[in-house]
Amino acid sequence: MLLTVKMKLHPTEDQHQKLLRTMERFNEACNYVSEFAWRNRIFNKVELQKNLYYDIRGTFNLSSQMVVRLVGKVSESYLADRSCYHEFKPHGAVIYDQRILTIKTLDTCSILTLEGREMVSMSYGRYQPLDLKRVKGQADLALIKNQFYLLIVVDVPEEPQIEPEEIIGVDLGIANIATTSTGETFSGQKCTESRKRYTRIKADLQSVGTWDAKKHLKKLSGKERRFKNDTNHCISKQIVAEAKGTHSGIALEDLTGIRDRTPGYKALAAAIGKWAFYEIAMYIRYKAHMAGIPVYLVDPHYTSQQCSHCGYTSRENRKTQSDFFCIKCGHTDNADINAAKNIASRADVNQPIALRPEPKRSGRWKGKPTALAVGS
Ligand SMILES: [Zn+2]
């Protein structure tokens, strides 16, 4: 499976300026190529290179490999859309390959700038070991909030998918971030602060009356996001480890489209709760995929109101947030565990569908195979 790994660069001030100048020159040249391409209706990489190679080399004083890459960037951009002229922003990504970027260790890279190669130190999220032999050809140098990152594509080996003997249902929520049908509860103790913020955000959203999951996530500050990210990685890892240890598949609620199906504020509030943990669902899916654990998405309706023992569904069954009591058969359970059991049994009933991890997390990584930014 191909993943995009985000490495944070730690250039000195001098190196930062060098990278910045390189980036600006690269994109300036992109615009030069773009104008030519648009004017002459030539979008083919080879044709553009034939026409412009020496011109760009002379005008922009860029290395030969950078010229190849930037022509490729412009050509790819027009392949996606030929209906209008494409302008490249001064701080758009620079495309690197092995000839102009060398990653020998996980904490340093040798990267070409206008003024020659620079050894720049770097770091990446500690969530998974990274095998440098598996780094694929290209990497993007990106500037995000005045911070340079390398987005490198890594081929991570997948394990063959198991034939599950059991299904572990996972209920995602706010009070407990994740609860499994086997009775494990993951609360993420340090999440209290984040939860307070969610409540505030919810109130804000309520007053505005509109809601968008992406905007919601954007509202969280970097620090909170990193913390939540950390917690979600940690919890998803434990759930997948349990599934692997017990030869089980994993069942999750299918939350895609829940917004469309549940109008009204009350349902909206519930949906926000679910969406807040969209990220953990994504991590579970991709970690499971890597470990060869099948993941099943099930119908999310009434999982919290249905009795996991007799199947009777009623709002009355849910007396409090934490307790489940079936008014038909008398079954009692922790409410989240009851929901998780329902999720597990729905996966048993439904036709199993093995899932690939979320294919498109953000429009930015367009064109990359299976892109998922890992780490920070
Ligand atoms: Zn019952």
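How do the axes of helix 1 and helix 3 cross, and within what distance do they come?

I began by noting that this is a predicted model, in which local features need pLDDT of at least 70, side-chain atom pairs count only at pLDDT 80 or more, and totals for chains, interfaces and linings use all residues. Residues are numbered from 1 along each chain as its sequence is written, and side-chain values use heavy atoms, with hydrogens and water left out.

Helix 1 and helix 3. I looked up helix 1 (residues 13-40) and helix 3 (residues 64-80), whose axes come within 9 Å and cross at roughly 50°. Helix 1 is therefore oblique to helix 3 (angles under 35 degrees count as roughly parallel, over 145 as roughly antiparallel, 65 to 115 as roughly perpendicular and the rest as oblique). I noted the crossing of this pair as right-handed. By class, I recorded 11 nonpolar, 3 polar and 2 charged residues for the contact of helix 1 with helix 3.

Helix 2 and helix 3. I then turned to helix 2 (residues 45-60), whose axis comes within 10 Å of that of helix 3, the two crossing at roughly 135°. Helix 2 and helix 3 are therefore oblique to each other, and I noted that their crossing is right-handed. The contact includes Leu 48, Tyr 53 and Ile 56 of helix 2, together with Val 67, Gly 72 and Ser 75 of helix 3. For the contact of helix 2 with helix 3, I wrote down 7 nonpolar, 4 polar and 2 charged residues.

Technical notes. Axes are lines fitted to C-alpha atoms, for helices over the stretch in contact, and angles run from 0 to 180 degrees between N-to-C directions. Helices (H or I, at least four residues) and strands (E, at least two) are DSSP runs, numbered from the N terminus. A crossing is left-handed if the near helix is turned anticlockwise from the far one by less than a right angle, and right-handed if clockwise. Ala, Val, Leu, Ile, Met, Phe, Trp, Tyr, Cys and Pro count as nonpolar, Asp, Glu, Lys and Arg as charged, and the others, Gly among them, as polar. Contact means heavy atoms within 4.5 Å.
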